[in-house]
Amino acid sequence: MIGRVILAVLLSGIAAGLVMGVIQHVRLTPLILEAEAFERAGSPAGHSHDAAAPQPGQPDGDGQGHDHEHDHGEGWTPETGWQRTLATTVTAAMTGAGFAAILAGLSLLAGLRITRRNGIIWGLCGFLAVTLAPAAGLPPELPGMAAADLFSRQVWWAGAVAATAAGIYLIATQKRVFVMVLAALLILAPHIVGAPVAPHGENLIPAELIARFVASSIAANAVLWSVIGLLLGLVLDHTAKDIYAT
């Protein structure tokens, strides 16, 4: 039965990741390239910029998180064009498979089935926990944007994901009023504490470009998670009884 789950995870995750790769190529990569041009124009030579931390809610290359180095003499990086597109697409497919594995694993641990009827709901819950809730405090970032301490952002992001996921689980499985209140507090807690604040200083990137990127990045991840949940539900639906009976 585990083999069926793994197959479902690979099929749904990779397929969703390929869809995400297309969206990144069409919508996100041009914005990143534009931001990099502004960054090069506004940064002194040899300057190193620490962009947002890598975060599971956003695959590397969509701007939500990566370490951006301006030292082009060390290591290999994909060139703009087919190399960058291929690297981004492969990364998105791997990320999609990872997200699908997380959803399937949580489903098995909680004893809650993922089916064709509720698969997209599972996907949207993943989107809320991993992308939307953290983005309220740490929106997707482009190269050249001012950013807070890397470790602080990573800790806050992980806490926001965990708290939001726990809150969603309580809402989905419990009916008692005090549990609903607890779930709401869990979801709100990271935002009450507040995300790390970037140091004061001017961004090298125009506000209009940042706004377009944030909106496009969040929308792209909504598509990614929705496709993961939908396909995972379709593939698992035929074997759900056997899987959850074991």
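1. Glu-208 and Arg-212 both belong to helix H6, where they stand four residues apart, about one turn of the helix; helices here (H or I, at least four residues) are DSSP runs numbered from the N terminus. Their side chains meet in a salt bridge at 2.6 Å, N to O, the term being used for a side-chain nitrogen of Lys or Arg within 4 Å of a carboxyl oxygen of Asp or Glu. Glu-208 counts as partly exposed at 48% relative accessibility, on a scale where buried means under 20% relative accessible area, exposed over 50%, and partly exposed in between (1.4 Å probe, protein chains only).

2. On the basis of the note: this is a predicted model, in which local features need pLDDT of at least 70 and side-chain atom pairs count only at pLDDT 80 or more, while totals for chains, interfaces and linings use all residues. Residues are numbered from 1 along each chain as its sequence is written, and side-chain values use heavy atoms, with hydrogens and water left out.

3. A search of the whole structure finds three salt bridges. In one of them the side chain of Arg-212 meets that of Glu-34 at 3.6 Å, N to O, and this pair links distant parts of the chain, since Arg-212 is in helix H6 (residues 207–237) and Glu-34 in helix H1 (residues 2–42), 178 residues apart. Arg-212 is partly exposed at 34% relative accessibility, and Glu-34 is partly exposed with a relative accessible area of 33%.

4. The side chains of Arg-84 and Glu-36 also meet in a salt bridge, at 3.2 Å, N to O. Arg-84 lies in helix H2 (residues 82–110) and Glu-36 in helix H1, so the pair ties together parts that are 48 residues apart in sequence. Arg-84 is buried, with a relative accessible area of 17%, and Glu-36 counts as buried at 11% relative accessibility.

5. Turning to helix packing, the axes of H2 and helix H3 (residues 119–135) come within 11 Å and cross at roughly 110 degrees, where axes are lines fitted to C-alpha atoms, for helices over the stretch in contact, and angles run from 0 to 180 degrees between N-to-C directions. H2 and H3 are therefore roughly perpendicular to each other, a class that covers 65 to 115 degrees.

6. Across this packing, Phe-99, Leu-103, Leu-106 and Ser-107 in H2 meet Trp-122, Gly-123 and Val-130 in H3, with contact taken as heavy atoms within 4.5 Å.

Notes:
Helix = DSSP H or I, 4+ residues; strand = E, 2+ residues; numbered from the N terminus. Parallel < 35°, antiparallel > 145°, perpendicular 65-115°, else oblique.
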